[in-house]
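Hi everyone, thanks for coming. Let's take a look at a structure that may be new to you, and I'll talk you through some of its surface and its charged pairs.

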Amino acid sequence: TPIKSINIGPRMGWNIRLGHGLGLLTPYVGATYFRTRATITGHFDVPLPDTDGQTARLNYQIGEHVTGYWSGSVGASWAINRSFGLLMEIGYGYNRSNIIATGFFRF
């Protein structure tokens, strides 16, 4: 089922130079706006008892959306050097929580 969503994540942080050879650390705070809507439709064919294989079709339609659009986040990005880095983020709010851990290589 196609689902449309919007995900916007503004962040604000501070660049901290860690010294010779240790890179740049950027702790940050932010928020995430997540809005999604979907309508899922389909059917089940249910066998009927004592009918020699006949079925009854049950159609369904489910509407889905998030209950709270905004949640908070806190994290840090560490650019070890020009090529390697790490990122760790924790998100919270509106019965949603997430942890994101990423390593990256730039070329």
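Is Asp 45 buried, partly exposed or exposed? Asp 45 is partly exposed, at 41% relative accessible area; buried means under 20%, exposed over 50%, and partly exposed in between, with a 1.4 Å probe and protein chains only.

A quick word on the source: this is a predicted model, where local features need pLDDT of at least 70, side-chain atom pairs count only at pLDDT 80 or more, and totals for chains, interfaces and linings use all residues. Residues are numbered from 1 along each chain as its sequence is written, and side-chain values use heavy atoms, leaving out hydrogens and water.

Now, the salt bridges (a side-chain nitrogen of Lys or Arg within 4 Å of a carboxyl oxygen of Asp or Glu). The whole structure has two. Asp 45 pairs with Arg 57, at 2.9 Å from N to O. Arg 57 sits in strand β5 and Asp 45 in strand β4, so this bridge ties together parts 12 residues apart in sequence. Strands here are DSSP runs (E, at least two residues), numbered from the N terminus. Arg 57 is exposed, at 51%.

The other bridge joins Arg 11 and Glu 89, with the closest N and O atoms 2.9 Å apart. Arg 11 is in β2 and Glu 89 in β7, so the pair links parts 78 residues apart in sequence. Glu 89 is buried, at 8%, while Arg 11 is partly exposed, at 33%.

Finally, have a look at Met 88, also in strand β7. Met 88 is partly exposed, with 43% relative accessibility.

Technical notes:
Helix = DSSP H or I, 4+ residues; strand = E, 2+ residues; numbered from the N terminus.
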